[in-house]
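This note sets out some points on a structure under review.

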Amino acid sequence: MLKQKRLKKQLGEEYIFERRLSSAVAVNLLNTLDGSNHFLVAASLSVGVVKLEAVVYWDNGKYSLGYDLLVKDMPLSPDWICYENLPDPVRYNAWNLEREMFQVLDRAVEKFGLSYTECRFPKLDGSRPKGK
């Protein structure tokens with residue numbers, strides 16, 4: 001909890017938690033979506049250059065909740081890159097979802113050697129379509 005508070009203070013506007021769906025709506029979606037490959041972000045936590053999203057996704061004939069770990073390739077980049085799908089169970093109905101998500105994010109940052117303030121992997125320049 002101290003680390004979370006310290007980062008929140010240090011990063012200011014670069015620390016953003018957003019719960020997009022209530023627990024009841026998330027559960028209802030899991031039970032009622034029709035299998036047409038919907039993908040929804042239920043909640044997100046951005047801490048500097050790393051981000052964790054709780055997502056509703058289609059898997060093996062049913063909808064599930066999972067976590068996606070995203071990163072930036074440059075600190076000021078507006079774009080996020082999906083880095084890893086995490087196996088941690090999503091406890092979306094947790095009384096403090098923000099804290100729950102921070103703990104998952106912090107474990108992933110440690111595990112993959114990432115940083116909240118630095119981009120610790122080489123920037124990849126992708127190929128661009130050539131004009132005619």
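How do the residues of the lining of the largest pocket divide into nonpolar, polar and charged?

1. The model is a predicted one. In the lining of its largest pocket, seven residues are nonpolar, three are polar and four are charged. The lining comprises 14 residues, and those nearest the pocket centre are Glu-14, Gly-48, Lys-72, Pro-75 and Trp-80. The volume of this pocket is about 180 Å³.

2. Two aromatic pairs are found when the whole structure is searched. Tyr-83 and Phe-112 make up an edge-to-face pair, with 5.5 Å from centre to centre and 80° between the planes. This pair links distant parts of the chain, since Tyr-83 belongs to strand β5 (residues 81-86) and Phe-112 to helix α3 (residues 97-112), 29 residues apart. Tyr-83 has a relative accessible area of 32% and therefore counts as partly exposed. For Phe-112 the relative accessible area is 26%, so this residue is also classed as partly exposed.

3. Phe-102 and Tyr-116 form an aromatic pair of the stacked kind, at 6.2 Å centre to centre and with 15° between the planes. Here too distant parts of the chain are linked: Phe-102 is in helix α3, whereas Tyr-116 is in the segment after α3, 14 residues apart. Phe-102 and Tyr-116 are both buried.

4. A further contact involves a charge and a ring: Arg-19 is placed over the face of Tyr-92, 4.8 Å from the ring centre.

Technical notes:
Residues are numbered from 1 along each chain as its sequence is written. This is a predicted model: local features need pLDDT of at least 70, side-chain atom pairs count only at pLDDT 80 or more; totals for chains, interfaces and linings use all residues. Side-chain values use heavy atoms; hydrogens and water are left out. On a 1 Å grid over the protein atoms alone, a cavity is a set of points where a 1.4 Å probe fits but cannot get out, and a pocket is an open set with protein on both sides within 12 Å along at least five of seven lines; lining residues have an atom within 4 Å of a point. Grid points are joined across faces, edges and corners, and a volume is the space filled by probe spheres set on the points. Ala, Val, Leu, Ile, Met, Phe, Trp, Tyr, Cys and Pro count as nonpolar, Asp, Glu, Lys and Arg as charged, and the others, Gly among them, as polar. Rings of Phe, Tyr and Trp (its six-membered ring) pair if their centres lie within 6.5 Å; planes under 30 degrees apart count as stacked, over 60 as edge-to-face and the rest as tilted. Helices (H or I, at least four residues) and strands (E, at least two) are DSSP runs, numbered from the N terminus. Buried means under 20% relative accessible area, exposed over 50%, partly exposed in between (1.4 Å probe, protein chains only). A charge sits over a ring if NZ of Lys or CZ of Arg is within 6 Å of the ring centre and within 35 degrees of the ring normal.
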